[in-house]
Amino acid sequence: PLAEEMVNLAKRENLDDCSGRLFAGRLAFARGRNEEALAHLDDCLRQRPVFSYAYMFRGNIQAALGNAHAAIEDFQKAVTLNPVDPLVAKALAHALYMRDKDLGGASSEQRMETRRALERAIHLNPRDISLLMVYADYIGSSEPLKALELRRTIQSSAPTVGNAVNLGKL
């Protein structure tokens, strides 16, 4: 009931500049109605085609639906529209990382694209330990010394058993 009231308020007052469609999409997504959420976000982006957050959120919905390629396209569009947003950069890096992981044998071009996205996300989120750990894992086989140094830095700034185990593996 309260959530529905918030959506109605968002529609009435146009709080999201999408006639409440962003709020309705978020509510549908939270309730597990991904197809409905996607429809709301599509409507939102028809009204406001330069809304980077809506592209990012639609990318999350696409990923939840198993549409990895569409998710990456949405995250790339969000980065294009908002190149300095750390959350958008992290979302794209994560989607590309998951693509490469799912493929198993990503091409050198795909690996380079993912690496650039990870480095860009780290540049915008320099204190994000989870990004640093993913990056260290990603470059571990191609640049083991760099990964080792990064793991040491992570362990000294955020000492955990998991970090110590990963450092020990290197």
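**Exercise 1. State whether Arg58 and Asp74 are buried or exposed, then find what joins their side chains.**

Step 1. Both Arg58 and Asp74 are buried, where buried means under 20% relative accessible area, exposed over 50% and partly exposed in between, with a 1.4 Å probe and protein chains only. The model is a predicted one, in which local features need pLDDT of at least 70 and side-chain atom pairs count only at pLDDT 80 or more, while totals for chains, interfaces and linings use all residues. Residues are numbered from 1 along each chain as its sequence is written, and side-chain values use heavy atoms, with hydrogens and water left out.

Step 2. Arg58 and Asp74 form a salt bridge, 2.7 Å from N to O. The term stands for a side-chain nitrogen of Lys or Arg within 4 Å of a carboxyl oxygen of Asp or Glu.

Step 3. Because Arg58 is in helix H4 and Asp74 in helix H5, the pair ties together parts that are 16 residues apart in sequence. Helices here are DSSP runs (H or I, at least four residues), numbered from the N terminus.

**Exercise 2. Find how many salt bridges the whole structure has, and describe others besides the Arg58 one.**

Step 1. The search of the whole structure gives 13 salt bridges.

Step 2. Asp137 and Arg151 form one of them, at 2.6 Å from N to O. This pair links distant parts of the chain, 14 residues apart, with Asp137 in helix H8 and Arg151 in helix H9.

Step 3. Asp137 is partly exposed, with a relative accessible area of 47%, whereas Arg151 is buried at 2%.

Step 4. Arg99 pairs with Asp100, and their closest N and O atoms are 2.9 Å apart. Arg99 counts as buried at 14% relative accessibility, and Asp100 counts as buried at 5%.

Step 5. A network of salt bridges links Arg21, Asp43 and Arg46.

**Exercise 3. List the buried residues of H2, and say what covers them.**

Step 1. The buried residues in H2 include Leu22, Ala24, Gly25, Leu27 and Ala28.

Step 2. Their cover includes helix H1 (2-13), H3 and H4.

Step 3. Just after H2, Gly32 has a positive phi of about 80°.

**Exercise 4. Describe the surroundings of Ala64 and Asn34.**

Step 1. Ala64 is in helix H4 and counts as partly exposed at 45% relative accessibility. Asn34 is in helix H3 and is buried, with a relative accessible area of 17%.

Step 2. Beyond neighbours within four places in sequence, Ala64 touches Phe29 and Asn34. On the same terms, leaving aside neighbours within four places, Asn34 is in contact with Phe29, Ile61, Ala64 and Leu65.

Step 3. Glu13 lies 51 residues from Ala64 along the chain, and their C-alpha atoms are separated by 29 Å.

**Exercise 5. Characterise the largest pocket by its volume and lining.**

Step 1. On a 1 Å grid over the protein atoms alone, a pocket is an open set of points where a 1.4 Å probe fits, with protein on both sides within 12 Å along at least five of seven lines; lining residues have an atom within 4 Å of a point. The largest pocket holds about 190 Å³ of space, a volume being the space filled by probe spheres set on the points, which are joined across faces, edges and corners.

Step 2. Its lining has 13 residues, with Ala63, Ala71, His94, Ala95 and Met98 nearest the centre.

Step 3. H4, H5 and H6 each supply at least two lining residues, and H6 gives the most, six.

Conventions:
Contact means heavy atoms within 4.5 Å.
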